[in-house]
Amino acid sequence: MVTDKSTLLLLSRLADAQLALAESMRGITISSPTYPVEALERIDHAMTVVEACVLEIRSLTSTSASNGSTKLH
C-alpha cells in the first residue's frame with residue numbers, strides 16, 4: 001500500500017488529468033475542426049516520460065527488494 005505523500009499526490013494528479021482529458025474530449029472526433037492534435041501529441045510525449053520514470057522506479061524497487069537495504073523514502 002502506498003502511504004508516502006509524494007506518491008499519493010502524483011497518483012491524485014494523474015487521476016485528475018485523466019478525468020480532465022476524458023471530459024475535455026467528450027464529443028470530439030479526429031474529424032472535428034477543434035481536434036487538439038498538438039496538445040495530444042504533447043500529452044503522448046509526457047506519458048512516454050512518465051512511463052520511463054515508472055520503469056526506473058520499478059527497477060529501483062526490484063533491486064531494493066532483492067537486497068533489502070535501499071529505501072525510496
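Me: Is Val54 buried, partly exposed or exposed, and what is its relative accessible area?
Reply: In this predicted model, Val54 is found in helix α2. Buried means under 20% relative accessible area and exposed means over 50%, with partly exposed in between. Val54 falls in between, so it counts as partly exposed, with a relative accessible area of 41%.

Me: Is Glu38 buried or exposed?
Reply: Glu38 lies in helix α2. Residues count as exposed at over 50% relative accessible area. Glu38 has 52%, so the word for it is exposed.

Me: Which residues form the negative surface patch?
Reply: Glu38, placed in helix α2, is one of the members. The patch is formed by Glu38, Glu41, Asp44 and Glu51.

Me: What percentage of the chain's residues count as buried?
Reply: The chain has 2 helices and 0 strands. It exposes about 6400 Å², with 62% of that supplied by carbon and sulfur atoms. Of its 73 residues, the part that counts as buried is 4%.

How values were computed. Residues numbered from 1 in each chain as written. Predicted model: local features only at pLDDT ≥ 70, side-chain atom pairs only at ≥ 80, totals over all residues. Heavy atoms only, no water. Helix = DSSP H or I, 4+ residues; strand = E, 2+ residues; numbered from the N terminus. Buried < 20%, exposed > 50% of the residue type's maximum accessible area, 1.4 Å probe, protein only. Patch = residues over 30% accessible without salt bridge, like charges linked within 9 Å, V, L, I, M, F, W, Y side chains within 5 Å. Areas by Shrake-Rupley, 256 points an atom, 1.4 Å probe, with all protein chains shown as cover. Salt bridge = Lys/Arg side-chain N within 4 Å of Asp/Glu carboxyl O. Lys, Arg positive; Asp, Glu negative; His and termini not counted. Charge placed at Lys NZ, Arg CZ, Asp CG, Glu CD.
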